[in-house]
Each structure stands twice: as C-alpha cells, then as structure tokens.
Amino acid sequence: MSFPFAEFEKKWQNYWLEHKTFKTPEDFSLPKYYVLDMFPYPSGAGLHVGHPEGYTATDIVARYKRMNGFNVLHPMGWDAFGLPAERYAMQTGVHPAITTEQNVNTFRRQLQALGFSYDWDREINTTMPDYHRWTQFIFLKIFNSWYDPEQKKARPISELPVPTGLSDREREDFINRHRLAYLADIPVNWCAQLGTVLANEEVDEWVSKGYTVERRPMRQWLLRITAYAERLLDDLQYVDWPAGTLELQKNWIGKSEGAEVQFKIKGGGDVLTVFTTRPDTLFGVTFMVLAPEHPLVEKITTSEQQAAVVEYIRQTALKTDLDRQLDAGKGIKSGVFTGAYALHPVTDGEIPIYIADYVLMGYGTGAVMAVPGHDERDYGFAQQYGLPVITVVQPADGSLVTGCFSGEGVSVNSEFISGLPTAAAKEKMIAWLEEKKLGCRRVTYKLRDWLFSRQRYWGEPIPISFDEDGFFYPEDENSLPLTLPPSENFMPAATGESPLANLTDWVYHSRGGKKLRRETNTMPQWAGSCWYYLRFIDPHNPNELVARDKEAYWMKDGVDLYIGGAEHAVLHLLYARFWHKVLYDLGYVSSVEPFRKLVHQGIILGEDGGKMSKSRGNVINPDDVVREYGADSFRLFEMFMGPLEQMKPWSSRGIEGVHRFLAKVWRLCIDKENCFNEALKKPPAEKTERLLHQTIKKVGEDIERLSFNTAISQMMIFINEIDSTTGLGEFGVQAFLQILSPFAPHLAEELWQRAGYEPSIALTSWPKYDATKIIDNEVEIVFQVNGKVRGRALLPLNAGDEILRQAALTDEGVVRNLAGKTPKKIIVVKNKIV
C-alpha cells in the first residue's frame, strides 16, 4: 500500500493557513510561552537543509506547549535589509526591494511547505516602513538619552545637567558628548569597491571574494554600549544560556581591573596614559608601544623616523583588527621606533617609544607599558628588537625562571614594593601612584562603542539632519518613518558617501525656513534584528512599538525559548541586550533581559562531512527532500540525526529509514480499503497499555529537555511492538497520534481525521499518562552460583524472598551447577539477584 504523503501534506498546510489554526489568542489569563527563532536573512539561494533544524525544534516545542494549555507565541519574519541585496543591485540595476520581496516569497513558501505552526498574521519585515518606523523611533530614543553613572541608567537628554554660561556651540557640543548615539572620527574597515564600512565579522567574507579592505579614519555614528558594560556582565546571571556563549559574552566585554599610569614624553608637555592590570610590574618597563593609530604618534615621531613610521602605518591600515590579533597570537611581531622617549614615573629613566600593530587603539588607551620579563607579547617584541628584559616578579616558591614569567608571585627589584606578594604589591603601587598624582585605580573593558553607520542605500535611514553649522536636527517622532527615496543608482557617491548622497532632492530639504542636509549613512543590518522580538508581540500597532500590557504579558522573564546559530553568540545577542536595557531604563519594556533561555542548534554538514557550500557541491535543497520523502520525514529526520546542539552530517540513507517508520505508521492505521483500521481501537493488552503510557511519559519529558532524537526513538520502539491487529483502545489511538503530531503534524492530522476525531489535532490536549500503568509487573531476576551467572527468570515484582529462593533452586542452570550439593549460603536481593 502506498504512502500518499504528497496528497495530505499540502491539504493540511492549506487547511492551517485558511483556518488560521495557529493564530495566537490575546488571552492573558492563560500561562504564556514565547518560543522564537533567530529570524533569517532571505537570500536568493533559499533555504538549505541546515536552516530548518532550529525551526523544527521550536515548532515541536510550540505545538507541545499549545497542547499543554499554554498561550503560545511562535512568529516568523525577515531580517531583510543588508549588503548582499545592495551588491546585487550594483551589479544588475535591479532595486533591492524587488529582489528582497522575491527572496522573502521563496523563504515563506519553503517554511510553509514544512508545516511550521507560525502565526503568519504576525509576519514582519525589517524593510517595511511600518517596521523601520519604530527602529528609527528607538534610535531617536537612544540619541535623546544619556547614561547617568550615579543612577546607573539611561535618562532623557533633557534631564542632563548642562553647565551654565556656555555658548550655543559649547552647549551643543557638551550635550552631544553625552548622548548614547554620537558622531566621532574613528578608524574603520573601509572597502572602496563596495563603497562602505564593514563590520569586523564581515571583513573575511568580502576579502575572500577578492575585495580589498583597509583601515582608515572616518566620521561615523556610534552607540555608547560601553556605558552598559557592567550591566551587560552582571545581568548574565538572569539567563539560562550555554556556558560557552556566556563565556564569549564575558570575554567580548572583557572587564579588566588595574591602574592608569601617566608617562611624560621627554622634551615636551605631552603625557602618555596607559592602562595596566599589573601595576606591580612598573619597575620592569623597558619600552613603550603605541597603536599605529594613536593620536600622539604623528606629534612625537622624529624627522629621522618619519618615513619608516608613515610606511608602517600604511601597511597596518591594510590589516583588520582581527588579523592583527591573530598575528600576535601566532607570535608574529613587527614595529617601528618613533625616535621619541617617555620618562618613567618613578625613576625618571628614559624609555623608547615604538609603534606596533599588536597594540589596538580599541583596547585600553591604545598604548602599553611593555614589561618583557612578564608579558609574552612584550617578550617576543623585545627579543626581536634587542630590547632589555628586567625581572621584577619571581614565583612565590622561590624557583628560578628564565625568559618570561607571566604569573603572580613576589615582587623583586622594585624598590618600595619588593618582597610583597602580587596582590599586595598592586595595591601599594596604586596607592603610591594616586598619592603622587601619577595614576589612579581603573576598571576598563575590551568592549568598544558600537559602530552604527554604513555607507549603503539598502538600510534604515538615520533620522537626523544637520544645518550648515553642524547642529543636529532629529526627525519629529510623529513624522516617522523616514523612508528611502526611489533610486536607480546604487553606486557609492564620488565623495565616498553612501548612494543616498547622490539623491540631492532627498538629501537637501528645509524645515521651519532652515536649510538642512540629511544624514546619508544608513543603519547596519543589526538594527532591525535588535528588537524584532518586541514587534512580534504587537506587529500592527500604529501608535506604539509595543503595547505596554502585551509586552508585560509576553515578556515576563523574557522570551521563554530562543533558538539560533552559535555564530550570533556575541554580537547580535549583545546588541539586542543593549537596546533592551535602554528601553528598560526608559520604561518601554518590563524585563531586565530579552531572552531567558537560549539554545544553539548544531550545524548540519553535507554528506561528505564538509560544511555545505555551492563551491563544494554538497548543498541539499529541502525542496528536493520534501518532494521525494515528504515534509514529515524531513522534520523527523532533522531531529533524529542526533542531539540538537551537535554538529552532524546529512545522510540520505538515514532519511530513508525515518520515511519507512512513518510509512509503517500509515500502514498500521489505514487498511486495504483505505479506511482507518478500527482494530486498533480494541481494548489493549496489559503489556501494550504499559508500553503506551511509558511512551507518553518519555516523549513529553524528552520534549521538555529538547531531546527530540530520544523521543523519536521511543515512538519507534512503540510502533515496532505492535501490528495491525494490536488493540490500543480509543485512548491509545488518540494518545499516540497526539504525541506524534508535534514531530509529524501532517500525518497525525490526516490519521486523526480518518479515525473520526475532531477538531484539528493541534488544538487537542496532550495526553496524560497513568503512573500506575507504567510500572512493570514482572522483573528479571539473575541467579548466580559462586559469583557466576547460571540462570535468569521473569518473576512477579516485589516477590518474597522464599519465592525467589525456590525459583533459583529449581532453575535448570543452577541445579546443574550445584551438582547435588546443598548451598551453604543463599543471599537474596529483592527484585535483582539470588
């Protein structure tokens, strides 16, 4: 008998859409469960089989929670602004809006063909004006806020205490220096061919495609995420996230405690400030190193060293920060002497100043006091350039160390801190520096402010204009959205600005009789994905980004389950947390953290064990799999391959096995006349009933643990134990189809209907197992003679000692091994062994 999955799968997909089966009710009396996918960027290639793995997991949980009485929010949308669509427009002239709509339609069709229970009435698209209106609204809230370090929260810029007696220009500059969104000249990753700044994580992708990326200073928008560094660290205590992701977040924020130390520049009035976590090693400083971008480099470089320094800076500009860090990690060191010297703050000794690309302007002060005796990077640099190495810390156990010792111990050769253990030496040195006004205690973070502007067309316009004096004119919130102007030219402007700069009728405008120029940078793709989880709650609200009562209900303790790729473990999650905290401070959200529980699905590899890519020819299109095996087989196999978080290769043979399992379920339930097999509704045998209740229990518990592969294994065990004549009883038939339905919803719906049950199985309640029926009445008892197993027998559970003794003494294997002898001792362990 055939398994007509193609017929009923499309039937039920249409039914769910037509009847809005998965529409989320606005019933705040029910317990809520918000289950969310990291929404996709809709590329032209469509989905490959790796994408739906996380979506299948969330769908199983969503269906299971609905059946357990929860009000479930399970939405889907599109992170649709981005460079790929714009790059395609540059090459073809096709507007990004056209290709984006085509890609979205392909993704939506593919997801609906897999039977995911999304509430499609809540679909959002970050490129739509009714969405990015609120992205711009949030940006303006950030722009019009400052961080109060005393209250440790964002406050409206109108509450910033501004000194009196300032000119208009001075007042404006003071306010702008405190805004959470601000303009600054900073070094960025610039790609001239793309005509845009690239984020660090984007650089490798475009360099591998043949593009050149260089570091250059540019005026850019930044968001003051560093003000939230301590809260971003502290509030990780409130989330249930993978340990590795928590560690990545902590490392990216990079909290360091130590001291700032001031070194005067010889022959001038300049002071070089450095941050160090080891102020106890100050007496071991033998040279200084500045980042090539440090603002003092040009000022202090001598004429003799000018050419070498300029060339080194040019070479450094061709490297990304990541490249520089990787080179340093591999022991690759390079640098140039500036010709200048610093004066040691304690001894007044002269210290040569170098520039080197292993020092980054984005960490600390962009300068380091090099202590080669106790820092591996400094030691490598000193060895390469023949610089002196001084030992100022020895191991506490008195052992001798040659080369570099980077651990803690006891200070030596360090005047007034000699003989002190490291912790005490740090404290005494900081106290000395503060007393002499040569330094102070300081906490720093590796986290840098968020570079927020891009030189692109296809992004959210930044709703700020400027007058000829450079004063800011933000858009009125009630006039939002500021939409992208129509264009047929997507190439960057000749000035290096974004393509928007070419559209002068849009750029230049008047307001209140004042001539203004719009900001021509756009927001990065991250912007729309920072807050989409809030808009899903209230996607059609024209008056608020989210209604307060809906937010309070759905975001109580945050999103209950968030599943997505580990590649977003740092930046997307960090940026979203930052925006959420600003909104929390300003009273727009009620939860401290946006995502309570986070899970990363593992990567699905090609059948060759390599990462799926067009160049390798190992990409599997889900459309092809669904056409051959059906959506239910696809869903079931993605979950059966192994634990959700693990990396695993695709297997055509594996999906065939899962397909056979579903076909077997079909054949058990549908007879030769193509009707439901009523024999299954006969009362079940005790053994069958026990296995049924054990299966209900295990599948439910496994879904709660996200152990989908073991839940599927249990269902397979159950089906292997029955045949078309086995009675399951009315409850048994319903219960098995109900526990199957989150995994294979199309098949479960079809069999449910054919069995005469209503309504949709998705709207029924999860079956309750009977705890009294999951306990076996018999147990296997092992018989041993002199420590060796000689027999086994199934005996009644909790049988008495005498029954067990007699069973053992009459067992054929035991009798043979006793050989007529009477045992000297018989030990009985209840329900286990004699």
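Reply: One definition to start: two strands pair if DSSP finds at least two bridges between them. Keep in mind that this is a predicted model.

Me: OK. Which residue in β13 is the bridge partner of K264?

Reply: L343 is the partner of K264. The strands involved are β10 and β13 (residues 335-343), which pair in the antiparallel sense over two bridges.

Me: And how many bridges join β10 to β11?

Reply: Six, and β10 and β11 (residues 271-276) run antiparallel. They form a hairpin with five residues between them. In the turn, G267 has a positive phi of about 80°.

Me: What about β10 and β18, how many bridges there?

Reply: Seven bridges, again antiparallel, between β10 (residues 255-265) and β18 (residues 439-445).

Me: Switching topic. What is the strand order in the open sheet of four strands?

Reply: The order is β8-β7-β9-β19, with antiparallel pairing.

Me: Which strands stand at the edges?

Reply: β8 (196-198) and β19 (450-451). Each has a single partner strand, so one side of each is left without a neighbour in the sheet.

Me: How many bridges join β19 to β9?

Reply: Two bridges join β19 to β9 (residues 214-223).

Me: Now helices. At what angle do α22 and α26 pack?

Reply: The angle between α22 (residues 652-669) and α26 (residues 745-754) is about 0°, and their axes are 11 Å apart. Angles under 35 degrees count as roughly parallel, and α22 and α26 are therefore roughly parallel to each other.

Me: Which residues meet there?

Reply: From α22, L662, V665, W666 and C669. From α26, L747, E750, L751 and R754. By class, the contact of α22 with α26 has six nonpolar, no polar and two charged residues.

Me: Last one, the cores. Which residues in the largest nonpolar core touch the most other members?

Reply: F139, W221, W579 and W650, in a core of 160 residues. There is also a second, separate core of 45 residues, with V359, F381, A382 and V393 among them.

Definitions and conventions:
Residues numbered from 1 in each chain as written. Predicted model: local features only at pLDDT ≥ 70, side-chain atom pairs only at ≥ 80, totals over all residues. Heavy atoms only, no water. Axes fitted to C-alpha atoms, helices over the stretch in contact; angles between N-to-C directions. Parallel < 35°, antiparallel > 145°, perpendicular 65-115°, else oblique. Contact = heavy atoms within 4.5 Å. Nonpolar A, V, L, I, M, F, W, Y, C, P; charged D, E, K, R; others polar. Core = buried A, V, L, I, M, F, W, Y, C linked by side-chain atoms within 4.5 Å. Buried < 20%, exposed > 50% of the residue type's maximum accessible area, 1.4 Å probe, protein only.
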